[in-house]
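Look at the structure first, then work through them.

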Amino acid sequence: MKKVLVSGAGGFVGARIMTQLADRYELCSFPKGMLAAANETAVQEHICRTQPDVILHTAAISDTGYSEKHPEESYRANVLLPLWMAQAAKCAGAKLICFSSDQVYSACEDCGPYTEENVKPGNIYAAHKLEMEKRVLDILPSAVMLRAEWMYD
């Protein structure tokens, strides 16, 4: 049975994934609160210990207003943490799937549909997600980026 490591397993998306995949895969996650304080070494050590086949990275600071007010925290959560996941996935030989956001299109003036390259972030959160996508793919070209639609009202 494939082992899937879910980051953000207690969050909006991660919790639903844990429920949906519970009987199909061996699921594991990061200990509650670990990612908020973790550094690159801690992330890599946890991934080496759990030895997942797939890392499903859903952890993020997705509140655009909070990201605007706290850009350093947003950058750490939305750029650095996924980069650490990519490095660890590469070392561990794990597949990486990262949740990004359709917010990368937030300042596009036309109505879409948009192509992969037709991006124009309109806020800090969107800019961080776009930077994350590019940098993660530089590290791990086989990674998959999922640009999820806005899910919060």
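Q: Where does Gln51 lie?
A: This is a predicted model, in which local features need pLDDT of at least 70, side-chain atom pairs count only at pLDDT 80 or more, and totals for chains, interfaces and linings use all residues. Residues are numbered from 1 along each chain as its sequence is written, and side-chain values use heavy atoms, with hydrogens and water left out. Helices (H or I, at least four residues) and strands (E, at least two) are DSSP runs, numbered from the N terminus. On that numbering, Gln51 sits in the loop between α3 and β3.

Q: What is the phi of Gln51?
A: Gln51 is not a glycine. Even so, its phi is positive, at about 50°.

Q: In what order do the five strands form the sheet?
A: Two strands pair if DSSP finds at least two bridges between them. Here the pairing is parallel and the sheet is open. The order is β2-β1-β3-β4-β5.

Q: Why is one side of β2 and of β5 left without a neighbour in the sheet?
A: Look at the ends of the strand order. β2 (26-29) and β5 (144-148) each have a single partner strand, so one side of each lacks a neighbour. Both stand at the edges.

Q: By what angle are neighbouring strands of this sheet turned against each other on average?
A: Axes are lines fitted to C-alpha atoms, for helices over the stretch in contact, and angles run from 0 to 180 degrees between N-to-C directions. For the strands of this sheet, direction is ignored. The average is 20°.

Q: Which residue of β2 is the bridge partner of Lys3?
A: Strand β1 (residues 3-7) runs parallel to β2, and four bridges join them. In β2, the partner of Lys3 is Glu26.

Q: What N to O distance goes with the salt bridge of Glu26 and Lys3?
A: Side chains of opposite charge can pair when their charged atoms come close. The rule for a salt bridge is a side-chain nitrogen of Lys or Arg within 4 Å of a carboxyl oxygen of Asp or Glu. By this rule the count comes to five. For Glu26 and Lys3, the N to O distance is 3.7 Å.

Q: Which strands does helix α3 touch?
A: Contact means heavy atoms within 4.5 Å. Helix α3 (residues 40-50) packs on the sheet, at about 155° to the direction of β1. The strands touched are β1, β2 and β3 (54-57).

Q: Are α5 and α6 roughly parallel or oblique to each other?
A: Angles under 35 degrees count as roughly parallel, over 145 as roughly antiparallel, 65 to 115 as roughly perpendicular and the rest as oblique. α5 and α6 pack at about 15°, with axes 9 Å apart. The two are therefore roughly parallel.

Q: At roughly what angle do the axes of α3 and α5 cross?
A: Two packed helices are described by the angle between their axes and the distance between the axes. The axes of α3 and helix α5 (residues 71-92) come within 9 Å. They cross at roughly 40°.

Q: Which residue does a cis peptide bond join to Gly112?
A: Check omega, which is about 5° for this bond.
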